[in-house]
Amino acid sequence: MRAKLSYAVTAAALVFYFVLVGSRGVMLIQSGTLLTVTFGVAVLILPVIGLWFLWKNTQFVRKANQLAAELDTEGGLPVDELKRTPGGRIDRDSADEVFARRKAETEAAPDDWRSWFRLAIAYHDARDTPRARKAMQRAIALHEGRPVQV
């Protein structure tokens, strides 16, 4: 719940910022000179890109949460079996051991979105965020029946 709240607060702050920047872009365009119109258009591009990125990221998180809920109802969510340091951080060797099992599971069933979901969790636990995101995107695509890009 705390993660959802912080995501909502961050998204709201970004939307406020995009509106503020967009209004400045409109003001520049309304000035009417070639230079200010050019700057105004350039300033308006930034909020459009930001809103697109925020929308795509929100869709990704929503779909990943839907997969987690479905996997939870099936009883297939991975159990947290990772050893931790006294400070609470995940032990690297423990994460590598779980990752090896998840990778083998995914290689054995490459068309199963569940194995890709669990592999994404293992990548995340191993602090490999880019690969975790790609694995989760693949799980989402497989779940939706879309073609998977390799």
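Which residues of α5 are buried? In this predicted model, the buried residues of α5 are Ala 132, Ala 135, Met 136, Ala 139, Ile 140 and Ala 141. As for the helix itself, α5 has 16 residues and reaches 22 Å from its first C-alpha to its last, close to the 22 Å expected at 1.5 Å a residue.

Let's take α4 to begin with. The axes of α4 and α5 come within 8 Å and cross at roughly 165°. Since angles over 145 degrees count as roughly antiparallel, α4 is roughly antiparallel to α5. Their crossing is left-handed. On the α4 side, the contact is made by Trp 113, Trp 116, Phe 117, Ala 120, Tyr 123 and His 124. On the α5 side, the partners are Arg 131, Ala 132, Ala 135, Met 136, Arg 138, Ala 139, Leu 142 and His 143. Sorted by class, the residues of this contact are 10 nonpolar, 2 polar and 2 charged.

Now turn to α2. Its axis and that of α5 come within 10 Å and cross at roughly 70°, which makes α2 roughly perpendicular to α5. The crossing of α2 and α5 is left-handed. Here Asn 57, Phe 60, Lys 63, Ala 64, Leu 67 and Glu 70 of α2 meet Arg 133, Met 136, Gln 137, Ala 139, Ile 140, His 143 and Glu 144 of α5. By class, this contact holds 6 nonpolar, 3 polar and 4 charged residues.

Is Asn 57 buried or exposed? Asn 57 lies in helix α2 and counts as buried because its relative accessibility is 18%, with the cut-off for buried set at under 20%. Leaving aside residues up to four places away in sequence, Asn 57 touches Tyr 7 and Arg 133.

Finally, follow the chain out of α5. Just after the helix, Gly 145 takes a positive phi of about 75°. Pro 147 sits in the segment after α5 (129–144). With a relative accessible area of 73%, Pro 147 is exposed. To place Pro 147 against α4, look for Trp 116, one of the α4 residues in the contact with α5: Pro 147 and Trp 116 are 31 residues apart in sequence and 15 Å apart in space, C-alpha to C-alpha.

Terms used: Residues are numbered from 1 along each chain as its sequence is written. This is a predicted model: local features need pLDDT of at least 70, side-chain atom pairs count only at pLDDT 80 or more; totals for chains, interfaces and linings use all residues. Side-chain values use heavy atoms; hydrogens and water are left out. Helices (H or I, at least four residues) and strands (E, at least two) are DSSP runs, numbered from the N terminus. Buried means under 20% relative accessible area, exposed over 50%, partly exposed in between (1.4 Å probe, protein chains only). The expected span of a helix is 1.5 Å times one less than its number of residues. Axes are lines fitted to C-alpha atoms, for helices over the stretch in contact, and angles run from 0 to 180 degrees between N-to-C directions. Angles under 35 degrees count as roughly parallel, over 145 as roughly antiparallel, 65 to 115 as roughly perpendicular and the rest as oblique. A crossing is left-handed if the near helix is turned anticlockwise from the far one by less than a right angle, and right-handed if clockwise. Contact means heavy atoms within 4.5 Å. Ala, Val, Leu, Ile, Met, Phe, Trp, Tyr, Cys and Pro count as nonpolar, Asp, Glu, Lys and Arg as charged, and the others, Gly among them, as polar.
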